[in-house]
Amino acid sequence: MALDITVNGTTHSVDVEGDTPLLWVLRDVLGLTGTKFGCGMALCGACTVQIDGVASRSCITPIESVGKSQITTIEAIGATPAGARIQKAWLDREVVQCGYCQSGQIMSASALLVSNPRPTDSDIDAAMSGNICRCGTYLRIREAIKQAAQST
Ligand code: FES
Ligand code: FES
């Protein structure tokens, strides 16, 4: 079926089954491979994108449920004020290790900064708890989010 979806400000017509996960439309149809596949079951956060600014697991989001919502992916988050601050802090704090989880981490962190511009440690831990990092970069992630929050 043909569906219109808006990703990073551009509307695309995609011809896929309605129950196709958003993740695979992004990666396989639109070529936006910055969003990663980890578990496919909403357990790891690697596939996190923002849907109308809310951090969402694209691996369990059927494309037919997206409607006219605005989807933002890692490829465009740097163009948003919060995303730019998060990405700068990520570089300053050298957060990344292997990198596999990091696009999902950044999408969750930038959504947090918009909804809560001055998060406490417990706010950060709660917001980021669904994003798993096998390299254990959690402390640097927390420090980077705090730096980004203080940089406004
Ligand atoms: S791939 Fe979506 S949460 Fe793990
Ligand atoms: S940086 Fe390697 S899994 Fe997070």
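Which residues in helix 2 meet which residues in helix 3? The sections below begin with this contact, as seen in a predicted model, and then move to other parts of the chain.

## Helix 2 against helix 3

On the side of helix 2, the contact is formed by Ala82, Gly83, Arg85, Ile86, Gln87 and Trp90, and these meet Gln102, Gln105, Ile106, Ala109, Ser110, Leu113 and Val114 in helix 3. The two helix axes come within 9 Å and cross at roughly 130°. That angle makes helix 2 oblique to helix 3, and the crossing of helix 2 and helix 3 is right-handed.

## Helix 3 against helix 4

Helix 3 also packs against helix 4, where the axes come within 10 Å and the crossing angle is roughly 135°. Helix 3 and helix 4 are therefore oblique to each other. The crossing of helix 3 and helix 4 is right-handed. Helix 3 contributes Gln105, Ser108, Ala109 and Leu112 to this contact, while helix 4 contributes Ile124, Ala127 and Met128.

## The nonpolar cores

The largest nonpolar core has 19 residues, and Ile86, Trp90 and Ile145 touch the most other members. Two or more residues of this core come from each of helix 2 (81-92), helix 3 (102-115), helix 4 (121-128) and helix 5 (138-150). Apart from this core lies another, of 14 residues, including Val7, Val25, Ile63 and Ile71.

Tryptophan 90 shows how one residue reaches several parts of the chain. Setting aside neighbours within four places in sequence, tryptophan 90 is in contact with Val95, Val96, Gln102, Gln105, Ile106, Ala109, Ile141, Ala144 and Ile145. Alanine 109, one of these partners, is placed in helix 3. With a relative accessibility of 0%, alanine 109 counts as buried. Residues up to four places away in sequence not being counted, alanine 109 touches Ile86, Trp90, Met128 and Ile145. The C-alpha atoms of alanine 109 and alanine 55 are separated by 8.6 Å, although the two residues are 54 residues apart along the chain.

## An aromatic pair

The structure holds 1 aromatic pair. The ring centres of tryptophan 24 and phenylalanine 37 are 5.3 Å apart and the ring planes stand at 45°, so the pair is tilted; planes count as stacked under 30 degrees and as edge-to-face over 60. Tryptophan 24 lies in helix 1 (residues 22-29) and phenylalanine 37 in the loop between helix 1 and strand 3 (48-51), so the pair ties together parts that are 13 residues apart in sequence.

Are the two partners buried or partly exposed? Tryptophan 24 is partly exposed, with a relative accessible area of 29%. Phenylalanine 37 is likewise partly exposed, with a relative accessible area of 34%.

## Two buried threonines

Threonine 35 lies in the loop between helix 1 and strand 3. This residue is buried, with a relative accessible area of 1%. Leaving aside neighbours within four places in sequence, the contacts of threonine 35 are Leu23, Leu26, Arg27, Ala46, Cys47, Thr48, Val49, Ser58, Thr73, Ile74, Glu75 and Ser103.

Threonine 6 is placed in strand 1 (residues 2-7). Its relative accessible area is 11%, and threonine 6 is buried. Not counting residues up to four places away in sequence, threonine 6 touches Thr11, Ser69, Gln70 and Ile71. From C-alpha to C-alpha, threonine 6 and serine 69 are 6.9 Å apart in space, while 63 residues separate them in sequence.

## Positive phi angles in loops

Most residues other than glycine have a negative phi. Alanine 42 has a positive phi, near 65°, in a residue other than glycine. Alanine 42 is found in the loop between helix 1 and strand 3, and is partly exposed, with a relative accessible area of 31%.

Aspartate 52, which is not a glycine, has a positive phi of about 50°. The loop between strand 3 and strand 4 (54-57) holds aspartate 52. At 48% relative accessibility, aspartate 52 counts as partly exposed.

Methods. Residues numbered from 1 in each chain as written. Chains lettered and ligands numbered in written order. Predicted model: local features only at pLDDT ≥ 70, side-chain atom pairs only at ≥ 80, totals over all residues. Heavy atoms only, no water. Phe/Tyr/Trp six-rings, centres within 6.5 Å; stacked < 30°, edge-to-face > 60°. Helix = DSSP H or I, 4+ residues; strand = E, 2+ residues; numbered from the N terminus. Buried < 20%, exposed > 50% of the residue type's maximum accessible area, 1.4 Å probe, protein only. Core = buried A, V, L, I, M, F, W, Y, C linked by side-chain atoms within 4.5 Å. Contact = heavy atoms within 4.5 Å. Axes fitted to C-alpha atoms, helices over the stretch in contact; angles between N-to-C directions. Parallel < 35°, antiparallel > 145°, perpendicular 65-115°, else oblique. Left-handed = near helix turned anticlockwise from the far one by under 90°.
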